[in-house]
Amino acid sequence: MAGNEMVSLDQIYGAATFQEGLPFWLFWFLVGLIALLVLFIFLRDKDLRRKIDFFFLSAKKRSLQLHLRRQLGREKKKKERLWLELGRMVYEYGLTPQGAETVVKTIDSLERKKKELLSRLNNFPLNSEDLSFTPASDRLAGPELNNPEARSTRRSDEARILLAKEKAKARRAWKKKQSKLEAKVNDLERQINSHLFTLGRMADTFRLKDEILVPLYEKIDAVNLKLSHLEQSLDSLHPF
(Lines give C-alpha, C1' and ligand atoms only; values in the text may rest on other atoms or scores of the structure.)
Protein backbone atom coordinates (compact mmCIF):
# COMPACT_ATOMS: atom_id res chain seq x y z
CA MET A 1 0.00 0.00 0.00
CA ALA A 2 2.80 2.31 0.93
CA GLY A 3 4.57 1.49 -2.32
CA ASN A 4 1.53 2.42 -4.36
CA GLU A 5 1.31 5.76 -2.56
CA MET A 6 4.97 6.49 -3.32
CA VAL A 7 4.48 5.70 -7.01
CA SER A 8 1.47 7.96 -7.15
CA LEU A 9 3.37 10.80 -5.49
CA ASP A 10 6.25 10.41 -7.93
CA GLN A 11 3.89 10.50 -10.88
CA ILE A 12 2.16 13.61 -9.55
CA TYR A 13 5.54 15.33 -8.93
CA GLY A 14 6.78 14.43 -12.42
CA ALA A 15 3.60 15.68 -14.04
CA ALA A 16 3.81 18.93 -12.09
CA THR A 17 7.47 19.39 -13.09
CA PHE A 18 6.60 18.77 -16.73
CA GLN A 19 3.76 21.29 -16.58
CA GLU A 20 6.01 23.91 -14.96
CA GLY A 21 8.82 23.38 -17.50
CA LEU A 22 6.59 23.49 -20.56
CA PRO A 23 6.09 27.31 -20.68
CA PHE A 24 9.91 27.84 -20.55
CA TRP A 25 10.56 25.79 -23.67
CA LEU A 26 7.48 27.18 -25.31
CA PHE A 27 8.76 30.72 -24.68
CA TRP A 28 12.08 30.09 -26.41
CA PHE A 29 10.34 28.28 -29.25
CA LEU A 30 8.17 31.36 -29.84
CA VAL A 31 11.21 33.65 -29.65
CA GLY A 32 13.01 31.57 -32.26
CA LEU A 33 9.93 31.52 -34.46
CA ILE A 34 9.61 35.32 -34.27
CA ALA A 35 13.31 35.72 -35.08
CA LEU A 36 12.91 33.51 -38.15
CA LEU A 37 9.90 35.54 -39.28
CA VAL A 38 11.85 38.82 -38.88
CA LEU A 39 14.77 37.35 -40.84
CA PHE A 40 12.43 36.14 -43.56
CA ILE A 41 10.80 39.59 -43.83
CA PHE A 42 14.23 41.27 -43.90
CA LEU A 43 15.43 39.00 -46.72
CA ARG A 44 12.34 39.64 -48.82
CA ASP A 45 11.93 43.40 -48.14
CA LYS A 46 14.52 45.29 -50.23
CA ASP A 47 13.33 48.69 -49.00
CA LEU A 48 13.93 47.68 -45.39
CA ARG A 49 17.43 46.48 -46.20
CA ARG A 50 18.13 49.71 -48.04
CA LYS A 51 16.93 51.80 -45.08
CA ILE A 52 19.11 49.87 -42.63
CA ASP A 53 22.14 50.16 -44.90
CA PHE A 54 21.44 53.85 -45.36
CA PHE A 55 21.28 54.38 -41.59
CA PHE A 56 24.68 52.79 -40.92
CA LEU A 57 26.23 54.45 -43.99
CA SER A 58 24.93 57.86 -42.88
CA ALA A 59 26.40 57.43 -39.40
CA LYS A 60 29.75 56.47 -40.92
CA LYS A 61 29.74 59.44 -43.28
CA ARG A 62 28.76 61.87 -40.51
CA SER A 63 31.68 60.61 -38.44
CA LEU A 64 34.02 61.02 -41.41
CA GLN A 65 32.71 64.54 -42.08
CA LEU A 66 33.33 65.53 -38.48
CA HIS A 67 36.88 64.19 -38.64
CA LEU A 68 37.58 66.03 -41.90
CA ARG A 69 36.18 69.31 -40.55
CA ARG A 70 38.43 69.07 -37.51
CA GLN A 71 41.44 68.50 -39.73
CA LEU A 72 40.36 71.41 -41.92
CA GLY A 73 40.13 73.69 -38.88
CA ARG A 74 43.61 72.69 -37.69
CA GLU A 75 45.14 73.33 -41.10
CA LYS A 76 43.45 76.75 -41.36
CA LYS A 77 44.87 77.76 -37.98
CA LYS A 78 48.29 76.54 -39.10
CA LYS A 79 48.03 78.71 -42.20
CA GLU A 80 47.07 81.72 -40.09
CA ARG A 81 50.16 81.18 -37.90
CA LEU A 82 52.31 80.98 -41.04
CA TRP A 83 50.78 84.23 -42.35
CA LEU A 84 51.63 85.95 -39.06
CA GLU A 85 55.19 84.61 -39.18
CA LEU A 86 55.50 85.70 -42.81
CA GLY A 87 54.22 89.19 -42.02
CA ARG A 88 56.67 89.55 -39.13
CA MET A 89 59.58 88.43 -41.32
CA VAL A 90 58.56 90.73 -44.19
CA TYR A 91 58.36 93.69 -41.81
CA GLU A 92 61.66 92.94 -40.05
CA TYR A 93 63.53 92.72 -43.37
CA GLY A 94 61.95 95.92 -44.68
CA LEU A 95 60.12 94.24 -47.54
CA THR A 96 56.87 95.74 -48.81
CA PRO A 97 54.35 93.69 -50.80
CA GLN A 98 52.24 95.33 -53.46
CA GLY A 99 49.66 97.70 -51.96
CA ALA A 100 50.91 97.20 -48.38
CA GLU A 101 52.43 100.65 -47.83
CA THR A 102 49.62 101.84 -45.55
CA VAL A 103 49.81 98.67 -43.45
CA VAL A 104 53.57 99.08 -43.00
CA LYS A 105 53.18 102.73 -41.94
CA THR A 106 50.54 101.73 -39.39
CA ILE A 107 52.85 99.07 -37.94
CA ASP A 108 55.68 101.63 -37.76
CA SER A 109 53.46 104.00 -35.79
CA LEU A 110 52.31 101.27 -33.39
CA GLU A 111 55.88 100.06 -32.86
CA ARG A 112 57.00 103.58 -31.93
CA LYS A 113 54.21 103.82 -29.35
CA LYS A 114 55.08 100.42 -27.98
CA LYS A 115 58.78 101.32 -27.73
CA GLU A 116 57.92 104.50 -25.83
CA LEU A 117 55.70 102.62 -23.37
CA LEU A 118 58.32 99.92 -22.83
CA SER A 119 60.93 102.61 -22.13
CA ARG A 120 58.63 104.10 -19.48
CA LEU A 121 58.11 100.67 -17.96
CA ASN A 122 61.83 99.87 -17.86
CA ASN A 123 62.55 103.18 -16.09
CA PHE A 124 59.63 102.80 -13.75
CA PRO A 125 60.53 104.45 -10.37
CA LEU A 126 59.16 101.77 -8.09
CA ASN A 127 60.61 101.57 -4.57
CA SER A 128 60.76 97.88 -3.71
CA GLU A 129 62.46 98.13 -0.30
CA ASP A 130 60.71 96.59 2.70
CA LEU A 131 59.10 99.45 4.63
CA SER A 132 57.98 97.37 7.59
CA PHE A 133 59.82 97.82 10.88
CA THR A 134 59.25 97.55 14.63
CA PRO A 135 59.04 100.99 16.30
CA ALA A 136 61.63 101.51 19.00
CA SER A 137 58.91 102.81 21.36
CA ASP A 138 57.34 99.34 21.31
CA ARG A 139 60.55 97.99 22.81
CA LEU A 140 60.37 100.48 25.69
CA ALA A 141 58.16 99.97 28.70
CA GLY A 142 57.47 101.40 32.14
CA PRO A 143 59.39 104.42 33.37
CA GLU A 144 61.52 104.50 30.23
CA LEU A 145 58.59 106.07 28.32
CA ASN A 146 58.59 109.07 30.66
CA ASN A 147 62.12 110.29 29.97
CA PRO A 148 62.90 112.79 27.15
CA GLU A 149 64.85 110.24 25.13
CA ALA A 150 61.85 107.87 25.06
CA ARG A 151 59.50 110.67 23.99
CA SER A 152 61.92 111.67 21.23
CA THR A 153 62.12 108.05 20.08
CA ARG A 154 58.34 107.83 20.01
CA ARG A 155 58.05 111.00 17.89
CA SER A 156 60.69 109.60 15.56
CA ASP A 157 58.74 106.34 15.24
CA GLU A 158 55.52 108.22 14.49
CA ALA A 159 57.31 110.17 11.76
CA ARG A 160 58.71 106.95 10.31
CA ILE A 161 55.29 105.27 10.40
CA LEU A 162 53.74 108.27 8.62
CA LEU A 163 56.53 108.18 6.03
CA ALA A 164 56.04 104.43 5.55
CA LYS A 165 52.31 104.92 4.94
CA GLU A 166 53.01 107.66 2.41
CA LYS A 167 55.53 105.44 0.62
CA ALA A 168 53.10 102.52 0.59
CA LYS A 169 50.38 104.77 -0.84
CA ALA A 170 52.77 106.06 -3.50
CA ARG A 171 53.83 102.51 -4.33
CA ARG A 172 50.19 101.45 -4.79
CA ALA A 173 49.65 104.41 -7.11
CA TRP A 174 52.75 103.51 -9.11
CA LYS A 175 51.60 99.88 -9.30
CA LYS A 176 48.28 101.04 -10.70
CA LYS A 177 50.04 103.18 -13.31
CA GLN A 178 52.33 100.28 -14.14
CA SER A 179 49.36 97.97 -14.70
CA LYS A 180 47.78 100.54 -17.00
CA LEU A 181 51.00 100.84 -19.00
CA GLU A 182 51.27 97.05 -19.31
CA ALA A 183 47.66 96.87 -20.48
CA LYS A 184 48.40 99.49 -23.15
CA VAL A 185 51.48 97.55 -24.27
CA ASN A 186 49.41 94.34 -24.56
CA ASP A 187 46.77 96.18 -26.58
CA LEU A 188 49.43 97.54 -28.92
CA GLU A 189 50.82 94.01 -29.30
CA ARG A 190 47.41 92.75 -30.39
CA GLN A 191 47.07 95.59 -32.91
CA ILE A 192 50.56 94.99 -34.27
CA ASN A 193 49.92 91.24 -34.66
CA SER A 194 46.66 91.97 -36.46
CA HIS A 195 48.44 94.21 -39.00
CA LEU A 196 51.34 91.75 -39.31
CA PHE A 197 48.78 89.06 -40.12
CA THR A 198 47.33 91.28 -42.85
CA LEU A 199 50.83 92.00 -44.15
CA GLY A 200 51.63 88.28 -44.26
CA ARG A 201 48.45 87.49 -46.14
CA MET A 202 49.26 90.22 -48.69
CA ALA A 203 52.81 88.89 -49.01
CA ASP A 204 51.31 85.49 -49.76
CA THR A 205 48.89 86.87 -52.35
CA PHE A 206 51.54 89.07 -54.04
CA ARG A 207 54.58 86.92 -53.49
CA LEU A 208 57.95 88.60 -53.06
CA LYS A 209 60.98 87.23 -54.89
CA ASP A 210 63.30 86.97 -51.93
CA GLU A 211 65.17 83.78 -51.07
CA ILE A 212 64.73 84.30 -47.34
CA LEU A 213 60.96 83.87 -47.73
CA VAL A 214 61.16 80.65 -49.79
CA PRO A 215 60.96 78.22 -46.82
CA LEU A 216 57.82 79.93 -45.50
CA TYR A 217 56.23 79.98 -48.95
CA GLU A 218 56.90 76.24 -49.25
CA LYS A 219 55.19 75.58 -45.91
CA ILE A 220 52.18 77.66 -46.96
CA ASP A 221 51.98 75.78 -50.28
CA ALA A 222 52.00 72.45 -48.43
CA VAL A 223 49.16 73.62 -46.18
CA ASN A 224 47.20 74.90 -49.20
CA LEU A 225 47.55 71.52 -50.90
CA LYS A 226 46.31 69.71 -47.81
CA LEU A 227 43.40 72.14 -47.46
CA SER A 228 42.44 71.51 -51.09
CA HIS A 229 42.42 67.75 -50.56
CA LEU A 230 40.35 68.03 -47.40
CA GLU A 231 37.80 70.30 -49.08
CA GLN A 232 37.51 67.91 -52.01
CA SER A 233 36.96 65.01 -49.62
CA LEU A 234 34.22 66.93 -47.85
CA ASP A 235 32.54 67.87 -51.12
CA SER A 236 32.52 64.23 -52.21
CA LEU A 237 30.39 63.31 -49.19
CA HIS A 238 26.66 63.87 -49.55
CA PRO A 239 25.15 66.06 -46.80
CA PHE A 240 22.99 64.22 -44.31
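Which residue forms a salt bridge with Asp 204, and how far apart are the closest N and O atoms? The first legend gives the answer; every view shows a predicted model.

**View 1. A salt bridge between Asp 204 and Arg 207.** Asp 204 pairs with Arg 207 in a salt bridge, and their closest N and O atoms lie 2.8 Å apart. Asp 204 is buried, because its relative accessible area is 12%. Arg 207 has a relative accessibility of 36%, so Arg 207 counts as partly exposed. The pair belongs to one network, in which salt bridges with shared partners join Asp 204, Arg 207 and Asp 221. By the rule used here, the structure has five salt bridges.

**View 2. Lys 79, a buried residue without a salt bridge.** Lys 79 is part of helix α2, which covers residues 46-92. Although Lys 79 is buried, no salt bridge is found for this residue. The nearest side chain of opposite charge belongs to Asp 204, at 4.8 Å. The side chain of Lys 79 does make a polar contact of 2.7 Å with the side chain of Asn 224. Leaving out residues up to four places away in sequence, Lys 79 touches Asp 204, Val 223, Asn 224 and Leu 227.

View 3. The side chains of Lys 114 and Glu 189 form a salt bridge, with an N to O distance of 2.3 Å. Lys 114 lies in helix α3 and Glu 189 in helix α4, so the bridge ties together parts that are 75 residues apart in sequence. The two partners fall into separate classes of accessibility: Lys 114 is buried at 15%, whereas Glu 189 is partly exposed at 27%.

View 4. Arg 190 forms a salt bridge with Asp 187, and the closest N and O atoms are 3.7 Å apart. Both residues are in helix α4; they are three residues apart, so about one helical turn separates them. Arg 190 is exposed, with a relative accessible area of 54%. Asp 187 counts as partly exposed, at 34% relative accessibility.

**View 5. The aromatic pair of Trp 83 and Phe 197.** One aromatic pair is found when the whole structure is searched. The ring centres of Trp 83 and Phe 197 are 5.6 Å apart and the ring planes meet at 75°, so the pair is edge-to-face. Trp 83 sits in helix α2 and Phe 197 in helix α4, and the pair links parts of the chain that are 114 residues apart. Trp 83 has a relative accessible area of 14%, so this residue is buried.

**View 6. The largest nonpolar core.** This core has 30 residues, and those that touch the most other members are Leu 86, Val 90, Ile 107 and Leu 199. Helices α2, α3 (101-122), α4 (148-205) and α5 (214-236) each contribute at least two residues to the core. Helix α4 supplies the largest share, eight residues. Setting aside neighbours within four places in sequence, Val 90 is in contact with Leu 95, Pro 97, Leu 199, Ala 203, Leu 208 and Leu 213.

Methods
Residues numbered from 1 in each chain as written. Predicted model: local features only at pLDDT ≥ 70, side-chain atom pairs only at ≥ 80, totals over all residues. Heavy atoms only, no water. Helix = DSSP H or I, 4+ residues; strand = E, 2+ residues; numbered from the N terminus. Buried < 20%, exposed > 50% of the residue type's maximum accessible area, 1.4 Å probe, protein only. Lys, Arg positive; Asp, Glu negative; His and termini not counted. Salt bridge = Lys/Arg side-chain N within 4 Å of Asp/Glu carboxyl O. Polar contact = N/O pair within 3.5 Å; in protein donor to acceptor, adjacent residues only side chain to side chain. Contact = heavy atoms within 4.5 Å. Core = buried A, V, L, I, M, F, W, Y, C linked by side-chain atoms within 4.5 Å. Phe/Tyr/Trp six-rings, centres within 6.5 Å; stacked < 30°, edge-to-face > 60°.
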